[in-house]
Structures are given as structure tokens and as C-alpha cells.
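Thank you all for making the time this morning.

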Amino acid sequence: MLDALTVADAARRVARRELSPVELTRHCLARIEAVDDRLKSFLLLRPEAALAAAAAAEREIMHGRYRGPLHGIPIAHKDIFCTAGIRTTAHSRLLADFVPTEDATVVRRLDEAGAIMLGKLATHEFAIGGPSFDLPWPPPRNPWNTAHFTGGSSSGTGAAVAAGLVLGGSGSDTGGSIRLPAAYCGVSGLKPTYGRVSRHGVLPLAYSLDHAGPLAWTVEDCAILLQAMAGHDPRDPASAELPVPDYRAGLRDDLRGVRIGVARQFFAAGSHVSAEALAAIDAALSVMAGLGAELRELRLAPPEDYGACGWIILFSEAWSVHERGLRARFFDYGRIMRNRVSLGAFLSSADYLQAVRLRRVLIGEMRAAMADVDVLVTAVTPGPAPALDDLPSFASFERPMTMPFNVTGQPALALRCGFSADGLPLSFQIAGKPFDEATVLRVGHAYERATEWHRQRPKLGL
Amino acid sequence: MTEGDRRLTEFTLLARHAGLDLAPEAMAALLAEIEPSLAALLRMTRRVRTRLAAAGEAGGEPAHLFAVRAGVEESGA
């Protein structure tokens with residue numbers, strides 16, 4: 001039974017030579033063939049190359065050259081990660097024929113770890129313009145209910161992982177773009193600390209807020225993927241020169257000695273967070289307390305302060321990335337993309353610099369607030385994935401729950417904690433101290449192991 | 001000149017200053033679509049300044065501290 005395999009499960013079987021990477025790759029390709037016509041998660045599929053890579057991995061493993069837990073594991077990349085010799089579109093008409101000559105560092109590192117890249121996954125246009133229906137490719141659909149939004153912008157990765165088309169994949173997160181699709185699609189998604197994972201070769205949205213990281217079915221799988229992705233890269237000027245711990249070795253089934261700060265004002269009753277999401281987060285906190293964690297209420301600045309700071313920086317930097325393209329080819333961009341990024345044209349240099357100054361204040365306040373806790377827990381979305389037909393033209397960007405951790409650069413993980421009455425995933429968020437992904441993963445993993453939510457998969461009629 | 005005409009003229013000037021030189025109909029359509037977001041963004045710029053002012057010297061660079069003490073910087077209101 002290969003349908004519900006995690007990276008960790010598959011790796012154990014591949015390492016014991018009980019599961020062939022070719023068999024596993026064929027299985028994923030068959031699932032893609034069967035369901036992706038409905039989900040639209042892939043923009044480009046490379047079955048022959050993937051099978052050849054899987055066969056090569058199998059030969060290496062049979063000759064005793066096992067590289068580790070990603071060897072022979074099918075994955076895919078968000079289509080803003082450059083892939084040498086393979087079209088990289090950013091889901092945009094502007095790059096419809098762009099073929100990079102070099103891999104992004106994340107792509108290269110996962111390739112060196114032995115992962116099998118099946119193809120390129122849908123995104124919001126340039127990681128901000130979506131979900132859009134006026135682009136060369138449609139937006140992906142949520143595997144739990146195809147009438148619903150996947151979240152974005154790592155929308156294809158969220159959908160493909162949830163549907164079991166790949167066992168893991170890459171995403172990027174500038175204001176929530178790993179955690180939102182992870183939450184809406186019911187998978188695990190980690191935005192690492194700013195500087196932990198190289199953005200070299202990742203098409204930029206906002207230089208000082210962009211992060212790259214993994215999405216996978218479980219927290220343990222995110223740990224495995226992060227292990228391969230992380231580490232200093234001199235070709236990303238923001239890359240931190242720090243050692244990378246063994247993330248998987250730090251995973252435990254209990255939370256004894258862990259202090260969890262509860263950022264309740266981000267999701268308290270009376271906020272825009274739905275009652276069922278609120279109840280699911282409270283239940284998750286009870287589970288974590290039962291595992292030995294100590295819960296403490298935290299007072300933070302209002303989320304709107306982080307939102308104002310983050311969105312001004314994001315739109316200013318995104319305009320600087322795209323101003324030449326928008327001036328020259330305005331109508332070649334999709335409507336949502338051009339309308340959102342154009343906002344940056346109306347911000348002043350003083351607006352930007354005041355936001356950058358406020359970022360430093362907010363980082364200091366967050367550091368002080370978290371001085372006596374190891375992680376904080378808060379909401380990640382107001383509720384389950386909305387229907388695609390109900391989405392406003394613009395994100396409700398004055399009520400952000402993911403942006404605070406892009407502003408501060410802290411690691412933040414989204415993972416499921418229940419289901420709505422109509423069967424859509426509910427999720428919450430665990431944020432840690434800078435470069436302490438290990439504790440975030442430990443808390444998420446212990447919670448996941450103590451609950452059953454990750455055992456439910458979307459019914460795809462297969 | 002109506003209030004709407006005045007807003008469109010101002011918007012067009014700002015857009016052209018930023019290098020977005022669209023046809024008049026396209027400019028009017030863009031304004032119609034992004035005006036609520038521009039209003040939200042304006043609220044955010046005010047919020048940032050208010051919040052910075054409330055943070056006082058904690059967020060200041062040395063030159064900024066000098067400006068605050070000398071009464072040069074705006075109040076942030």
C-alpha cells in the first residue's frame with residue numbers, strides 16, 4: 001500500500017530494500033495521471049527523467065551507496081525555484097519560455113540528497129498574483145474539496161502533497177505562502193528562520209521577507225527535507241553562517257520541559273477566527289499540556305502592527321523587483337498580480353524606511369516577550385479554506401496571522417489540528433526563536449504523534 | 001472637476017511619476033480596482049508612524065534620536 005506513505009516511512013522501506021524507488025516513482029506518476037487533471041497542481045511533469053533518476057537511485061542503493069532518507073523519494077518544486085534545463089515559469093506568461101541554466105541551491109541540495117524531482121508545481125504568479133484564472137495555467141484545487149482554495153502562494157505544493165502525488169516539496173513564504181497552503185490543504189509546512197535556507201535561484205518577491213522551506217505530510221518529513229535544504233550558501237547574501245543541527249534526532253514524543261507561550265490575542269474569541277478553529281486550537285493546547293508542556297499566556301503587539309510593517313515592506317520591495325516589467329508589459333501580467341504589485345508604486349521611500357525601522361522595534365518586542373518561553377502557539381488562518389468563488393479580489397491583508405513571523409524572521413510551522421464541519425482541515429501555527437527550528441519541529445512532531453488528524457487523507461475517488 | 005476626476009488625476013500623476021504610463025481608460029480601471037487596497041495601505045503607513053512614535057527612542061538610530069530631541073521629526077500622528 002503506497003498511497004499513504006510519508007517520506008520517513010518510504011525511506012525506511014527503501015533503505016531496507018523493501019521498496020524500489022522506481023516502483024514508488026511509478027506509483028506517484030500514476031496518481032498524478034489519475035487525479036491531477038482535476039487538481040491542476042503540476043505545471044510541468046517529467047516522467048521519463050524522473051524514472052531514469054529513480055532507476056539510478058535504485059542502482060546506487062543496491063550497490064550499498066545509500067545517501068539518506070531522501071534517496072529515491074519523489075518530490076517536486078514550486079515553479080519559482082530555478083531548475084537547470086527545465087522550464088521555470090513563476091506561473092506567469094512573462095516567463096512561459098524561461099529555461100534557467102542553473103539550479104536553485106535548494107534544488108541542487110535535494111538532488112544531491114537523492115530526491116527524485118517529478119516536475120514543477122503551480123504557484124500564484126510570481127508568488128503573489130493568485131488564485132488567477134487569466135494566466136496560461138489555472139490555479140490548483142484543494143484535494144479535500146476541489147471547489148475550495150488551496151491557499152497560496154505555494155499552492156501546487158500544498159495540493160500535490162495533500163493528494164499524495166509527491167511525498168514532499170519546496171515552497172517559499174514571504175507573508176505566509178508556505179503556511180497558508182499547508183493549513184488549507186491539511187499538510188505540514190515550515191517557514192524556517194530568515195537566513196537558514198538559501199534563496200539563491202528562487203525568483204524573488206520581497207528580498208528581506210522571502211524564505212524558502214519544505215511542505216510535507218508530517219512534521220518529521222519537514223525535518224527530513226529541511227535537513228537537506230538548510231545550511232550556509234555564500235550566493236544568498238542573507239544566508240546565515242551557522243551550523244545545522246540534526247533535526248530528526250531532536251524529535252521526541254513528549255513535551256516535558258517545553259514552555260509554550262500562547263499568543264491568544266491573535267485568535268481570541270471575538271476575533272475573526274472562527275469558533276471551530278478556535279476550539280481546535282484550544283484542544284491542541286490541551287494535548288500539548290498533556291504531553292508535559294507548560295502553557296503561559298503571552299502579550300504581543302497587535303497582529304495589525306506586524307501586518308502594516310510587513311505589507312509595506314513587501315509591496316515596496318515587490319515593486320522594486322517588478323517595476324521594469326510592469327512599466328513595459330503591464331497587461332502580460334495577470335490582473336491580480338499587476339493590481340497587487342502596482343500598490344508599491346504609490347508608497348514613498350519614507351513609508352518603506354519607517355516600516356523597516358518598525359521591524360526592528362517589533363523584533364525587539366518579540367524577543368522580550370518570548371524570553372521565558374521556547375515557542376509560541378497561535379492561529380494560522382481564520383478558519384478552513386474558503387470556496388474559490390467566495391474569495392475577494394484582494395487578500396484581507398489587514399488581518400494577518402502569518403506575516404508577524406516574516407517580519408521577525410522567526411521559524412514558524414503550520415500543521416493540522418482538526419477538521420471543520422464540512423470536512424476541511426483546520427490548522428494552527430507554532431513559532432520558535434530564531435534558528436531554533438529544532439524546538440518548533442519537536443513540539444509539532446510530539447503533537448502530531450499524540451493525535452490522529454494526520455491519519456486522514458483526502459478522498460480522491462481512487 | 002468632480003471628486004472622482006480629482007482622484008483620478010492625482011492617481012495618474014503618481015502612477016506616471018512611478019513610470020506606469022497607461023492609457024486613460026486603463027488608468028481609470030486600475031484605480032477603480034485598487035482604490036480600496038490603496039486606502040488600506042494608507043491606513044498602514046499611518047499605523048506604522050503612530051507605532052514608531054509610541055515606541056519612542058527604542059526604535060531610533062543615533063541620527064533619529066538627535067532629530068527627535070531637536071524636535072525636527074514629525075509626531076507620527
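Let me start with a question: does Arg235(A) count as buried, partly exposed or exposed? Please keep in mind, as we go through this, that what you see is a predicted model. The answer is that Arg235(A) counts as partly exposed, because its relative accessibility is 39%. Its partner in a salt bridge is Glu102(A), and the closest N and O atoms of the two are 2.3 Å apart. Arg235(A) sits in the loop between helix H7 and strand E7 of chain A, while Glu102(A) sits in the loop between strand E2 and helix H4 of that chain, so the pair ties together parts that are 133 residues apart in sequence. Glu102(A) is likewise partly exposed, at 37% relative accessibility. Over all chains, the search of the whole structure finds 33 salt bridges.

Let me turn now to the interface. Here 36 residues of chain A are in contact with 29 residues of chain B, and the two chains bury about 2,900 Å² between them, with 66% of that area on carbon and sulfur atoms. The rule finds 5 salt bridges across this interface, and I would like to show you two that join the chains.

In one of them, the side chains of Arg47(B) and Asp305(A) meet at 2.7 Å, N to O. Arg47(B) belongs to helix H2 of chain B and Asp305(A) to helix H9 of chain A, so this pair joins two chains. Arg47(B) is partly exposed, with a relative accessible area of 32%, whereas Asp305(A) is buried, at 4%.

In the other, Glu365(A) and Arg51(B) form a salt bridge at 2.4 Å, N to O, and this pair crosses between chains from helix H11 of chain A to helix H2 of chain B. Here Glu365(A) is partly exposed, with a relative accessible area of 29%, and Arg51(B) is buried, at 14%. There is also a network in which salt bridges that share partners join Glu3(B), Arg6(B), Arg7(B), Glu10(B) and Glu35(B).

Next, please look at helix H10 of chain A, which is mostly covered, as 7 of its 8 residues are buried. What covers those buried residues includes helix H9 of chain A together with H2 of chain B. One residue of this helix is Val341(A), which is buried with a relative accessible area of 0%. Beyond its neighbours within four places in sequence, Val341(A) is in contact with Ile128(A), Ala318(A), Trp319(A), His322(A) and Leu326(A).

Notes: Residues numbered from 1 in each chain as written. Chains lettered and ligands numbered in written order. Predicted model: local features only at pLDDT ≥ 70, side-chain atom pairs only at ≥ 80, totals over all residues. Heavy atoms only, no water. Helix = DSSP H or I, 4+ residues; strand = E, 2+ residues; numbered from the N terminus. Buried < 20%, exposed > 50% of the residue type's maximum accessible area, 1.4 Å probe, protein only. Contact = heavy atoms within 4.5 Å. Buried area = accessible area lost by both parts, 1.4 Å probe. Salt bridge = Lys/Arg side-chain N within 4 Å of Asp/Glu carboxyl O.
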